[in-house]
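Dear colleague,

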Amino acid sequence: MASTSKPSSQRPATGVIVPKMEHPPQDTIPAEVPDKDNASGEAWTSEMQYVSSLAKLQKMEATIHQLRTLLSGRLMDPIVPIVSPKAASRRPLPKSPRELFEQLSRTARASVAEVQEFQAMWRSPEIKAIWDHVDARIKQNGGQLLQPTGMWERDYDVLLEELEKEERAQTEQQQRVKEEEERAKIKSVEGGWRTIVEIFVQRNLPGVRVMAHQDQPRITVVLVKAGMAFQLQAVNGDGHDMVDWRVQDMAAPGKPKTKLETAVAACLNARPRQWDLAYLLDMIASYSDVKQTPCAKCGKMTDNTAQLPSIRRPNPIQSSQGQPVVWEAYHPACIDSSQSSHPISS
């Protein structure tokens, strides 16, 4: 598609290749061509899929227009004060041939990087899937391609953002409904939180000791192999009629708290589902082998600061409804660099 800018009266310097459009013979019925994307499990039936693809193509066209200014302008920009002093009257001339060479080198390297970025985008699996889908539709239509109007009629990047926002709102609403149902189930458990603790103890997890206090809603969890202990305290719930559970690390008498203990307690208190005691106990138990579990992202035991992976996140693929949560370990730096917009655990 062409951009929304006014068309130039000059003909392009290079020819534009347009697919040859012909009607199929009247006595021929176009064969049904399977859509390659449908075979991958994600059919092109949702509005999100089409809008996302159009946004990618729109971005590619904008990149193409940007690349067109390389040779005619930006790549030769350092020599403009020399060849056209009037056009660059406010720009100083290079002080020496070496300075000019360095300016041209920087510009050339930046230009090559732009071209390489576009090539990577063009050859990416996402763009290939789009072209495969377009080719399949053309074959289904007997070689006919729906001709565009000549300009982008919508800003698909903005439209995609709106659709993603609506999708997030729907997901959050579904999550709220699901949590309300789960809270109702927990409140209906006979014996309350003590029953939840007893059920967890019956799992008999190696190296995990759980003790419920008799006189108040307080629980002590000891991770024998990890050498850590935590105390869970019930507090008033935030916005609902159930108690939340707060975690405090318990250092050994006469010993200061370690960075690992402090980081683990912070991660536990930053979890979602503050009211879900079973979820919290399972999350604490995932630290029992903290000294043997490498980071799921970098694959290393310690990071640049010699710290162990103190973050735990559930694997959404391996963790299924009604089954124990599969926890993954991360260094804080490993998730801050690529997933800083997400909560610590979800």
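This is a predicted model: local features need pLDDT of at least 70, side-chain atom pairs count only at pLDDT 80 or more; totals for chains, interfaces and linings use all residues.

Aromatic residues

The structure contains 5 aromatic pairs. In one of them, the ring centres of Trp-152 and Tyr-156 are 5.9 Å apart and the planes meet at 75°; because an angle over 60 degrees counts as edge-to-face, this pair falls into that class. Both partners are buried: Trp-152 has a relative accessible area of 9%, and Tyr-156 has a relative accessibility of 15%.

Another pair is formed by Tyr-279 and Trp-327, with 5.4 Å between the ring centres and 65° between the planes, so this pair is edge-to-face as well. Tyr-279 belongs to helix α10 and Trp-327 to strand β6 (residues 327–330), so the pair ties together parts that lie 48 residues apart in sequence. Tyr-279 is buried, at a relative accessible area of 10%, and Trp-327 is also buried, at 15% relative accessibility.

Elsewhere, Phe-118, Trp-122 and Trp-131 are joined into a cluster by ring pairs. A further aromatic ring, that of Tyr-287, has Arg-312 over its face, at 4.3 Å from the ring centre.

Asp-303 is located in the loop that runs between α10 (277–285) and β5 (311–314). What is the nearest side chain of opposite charge to Asp-303? It is Lys-259, at a distance of 9.2 Å. A salt bridge requires the charged atoms to be within 4 Å, and Asp-303, although buried, has none. The side chain of Asp-303 does make a polar contact with the side chain of Thr-305, at 2.8 Å.

A recorded feature

An unreviewed UniProt entry places a "coiled-coil region" at residues 156–183. In the model, that stretch is 100% helix and 0% strand, and the C-alpha atoms at its ends are 40 Å apart.

A contact across the sequence

Gln-49 is part of helix α2 (residues 47–67). Is Gln-49 buried or exposed? With a relative accessibility of 16%, Gln-49 is buried, because the cut-off for that class is under 20%. Gln-49 and Ile-130 are separated by 81 residues in sequence, while their C-alpha atoms are 9.9 Å apart in space.

With kind regards

Definitions and conventions
Residues are numbered from 1 along each chain as its sequence is written. Side-chain values use heavy atoms; hydrogens and water are left out. Helices (H or I, at least four residues) and strands (E, at least two) are DSSP runs, numbered from the N terminus. Buried means under 20% relative accessible area, exposed over 50%, partly exposed in between (1.4 Å probe, protein chains only). Lys and Arg count as positive and Asp and Glu as negative; His and the chain ends are not counted. A polar contact is a pair of N or O atoms within 3.5 Å; within protein, one must be able to donate a hydrogen and the other to accept it, and residues adjacent in sequence count only if both atoms are side-chain atoms. UniProt positions are given in the numbering used here, feature names are shortened, and annotations may be inferred rather than shown by experiment. Rings of Phe, Tyr and Trp (its six-membered ring) pair if their centres lie within 6.5 Å; planes under 30 degrees apart count as stacked, over 60 as edge-to-face and the rest as tilted. A charge sits over a ring if NZ of Lys or CZ of Arg is within 6 Å of the ring centre and within 35 degrees of the ring normal.
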